[in-house]
Amino acid sequence: MMHEQPEEESAFAQPPVTRLEPSPQATHPITLFFHCFFKALALLVYLFAQLLLGIQDVPLFITVATLLAMDFWTVKNITGRLLVGLRWWNRVKEDGSTEWIFESREKEFEANRLEMFVFWLAMAGATLLWGLILLWKILSFLTLLTDPLSPILCVLGFTLSAVNLMAYFWCAREARKTAHQYVMKEATGFMVNQMMQKATAMGEENL
């Protein structure tokens, strides 16, 4: 669902025009780094911290949960806007229902191919890895009894990654739909205008 924002947020509205930039170099290297950094660090800490650093369950849970929350916030509010020109958010209506809002840049946005590829690959990869780890924990029934915090971390990692992935998927889908509607509207208006000009010209000739 597309939602029109106030004037201060007019950079995100309809219609989106995305143009791929052929350059293989990243135009937002710092943003791209942090898009991957928190994901990788959360997974590495979860998988290797107990073995290499001897972190116990509660400190490990707090550390990984903090990294996952930082990654979720960064992707939702910063990297999606800068790397692919998309943004999503939700709000609670007066009746208590939740409204999901998907936005894309109004002005022409030059998307970098490398950044787009890394953006989607990192989100999909993190979601897949957390899902596989969660599945392994579920199948290892003994782990659920001896280490109950570990599966909870897997659920948290998978959920936060999947929410961002699906939200941006729907955001991109809405952006393509809006762009198509805008092109059809402009094409229809152009054809009607041309027909009116020809009809006017023919009328003047007959006079």
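The largest cavity in this predicted model is lined by Lys39, Leu68, Asp71, Phe72, Val75, Met123, Gly157, Leu160, Ser161 and Asn164. Helices α2 and α5 (149-206) are the elements that give two or more residues to that lining. The cavity has a volume of about 60 Å³, and the structure holds two cavities of 30 Å³ or more.

**The largest cavity and its lining**

- By residue class, the lining of the largest cavity divides into five nonpolar, three polar and two charged residues.
- Rolling a probe the size of a water molecule over the atoms shows where empty space is left.
- Val75 is one of the lining residues, and helix α2, which spans residues 57-84, has a kink of about 50° centred on Val75.
- Gly157 and Ser161 are both among the lining residues, and the side chain of Ser161 reaches the backbone oxygen of Gly157 at 2.9 Å.

- When neighbours within four places in sequence are left aside, Ser161 is in contact with Ala126, Thr127 and Trp130.
- Leu156 is also found in helix α5, but with a relative accessibility of 28% Leu156 counts as partly exposed, the class that lies between the 20% limit for buried and the 50% limit for exposed residues.
- With neighbours within four places in sequence again left aside, Leu156 is in contact with Ala65 and Leu68, and Leu68 is itself one of the residues that line the largest cavity.
- The C-alpha atoms of Leu156 and Trp130 are separated by 8.8 Å, although these residues are 26 residues apart along the chain.

**Helix α2 towards its end**

- Leu83 is found in helix α2 and counts as buried, because its relative accessibility is 0%.
- From C-alpha to C-alpha, Leu83 and Glu110 are 9.4 Å apart in space, while in sequence they are 27 residues apart.
- Helix α2 is followed by Gly85, and the phi angle of Gly85 is positive, near 70°.

**Glu115 in helix α3**

- Glu115 has its place in helix α3, which covers residues 113-139, and this charged residue counts as buried because its relative accessibility is 1%.
- The side chain of Glu115 reaches two backbone nitrogens, that of Thr27 at 2.7 Å and that of His28 at 2.5 Å.
- Leaving aside neighbours within four places in sequence, Glu115 is in contact with Ala26, Thr27, His28, Leu32 and Leu83; Leu83, as noted above, is a buried residue of helix α2.

- Leu47 and Ile133 are 86 residues apart along the chain, and their C-alpha atoms are separated by 9.6 Å.

**The chain as a whole**

- The protein chain contains five helices and four strands, which follow one another along the sequence in the pattern β-α-α-β-β-β-α-α-α.
- Among contacts between residues at least 6 apart in sequence, 78% join residues that are at least 24 apart.

Definitions and conventions: Residues numbered from 1 in each chain as written. Predicted model: local features only at pLDDT ≥ 70, side-chain atom pairs only at ≥ 80, totals over all residues. Heavy atoms only, no water. Bend = angle between axes of the 7 residues up to and from the residue. 1 Å grid on protein atoms, 1.4 Å probe; cavity = no way out; pocket = protein on both sides within 12 Å on 5 of 7 lines; lining within 4 Å. Points joined across faces, edges and corners; volume = space filled by probe spheres on them. Polar contact = N/O pair within 3.5 Å; in protein donor to acceptor, adjacent residues only side chain to side chain. Contact = heavy atoms within 4.5 Å. Buried < 20%, exposed > 50% of the residue type's maximum accessible area, 1.4 Å probe, protein only.
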